[in-house]
Amino acid sequence: PLECTFSSCHHNRILVNGQRIRKVICPEVPLSIRMEEESGQVFVHALPDAPEKVTLSVITNGGLVQDLEISFG
């Protein structure tokens with residue numbers, strides 16, 4: 001997985017240059033994940049009691065799959 005640090009108090013944007021995100025696979029953890037249909041971007045926000053680390057799988061409309069290991073700081 002690609003290791004990333006996200007803000008624990010602000011929303012965070014995930015985008016893939018030149019592609020639209022079609023799906024995000026996430027374990028059942030306290031995160032807010034919102035797919036923005038018009039832009040093909042995803043916004044992630046840590047909710048109270050979010051884990052210290054979580055792994056998301058991002059899938060684009062072109063078939064690219066990228067796992068992100070996210071730490072909240």
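F72 is buried, at 16% relative accessible area. Buried here means under 20% relative accessible area, exposed over 50%, partly exposed in between, with a 1.4 Å probe and protein chains only. F6 is buried too, at 10%.

A word on the source. This is a predicted model: local features need pLDDT of at least 70, side-chain atom pairs count only at pLDDT 80 or more, and totals for chains, interfaces and linings use all residues. Residues are numbered from 1 along each chain as its sequence is written, and side-chain values use heavy atoms, leaving out hydrogens and water.

How many aromatic pairs does the structure hold? It holds 1. The ring centres of F6 and F72 sit 6.4 Å apart with planes at 80°, so this is an edge-to-face pair. The cut-offs: Phe, Tyr and Trp rings (six-membered ring for Trp) pair with centres within 6.5 Å; planes under 30 degrees apart are stacked, over 60 edge-to-face, the rest tilted.

F6 is in strand β1 (residues 2-6) and F72 in strand β7 (residues 65-72), so the pair ties together parts 66 residues apart in sequence. Strands are DSSP runs of E, at least two residues, numbered from the N terminus.

Now the core. The largest nonpolar core has 16 residues, and F6 and F72 are among those with the most contacts inside it. Such a core is a set of buried Ala, Val, Leu, Ile, Met, Phe, Trp, Tyr and Cys residues joined through side-chain atoms within 4.5 Å. Elements giving it two or more residues include β1, β5 (41-46) and β7.

Last, Q41. Q41 is in strand β5 and is buried, at 18% relative accessibility.

Methods. Helices (H or I, at least four residues) and strands (E, at least two) are DSSP runs, numbered from the N terminus.
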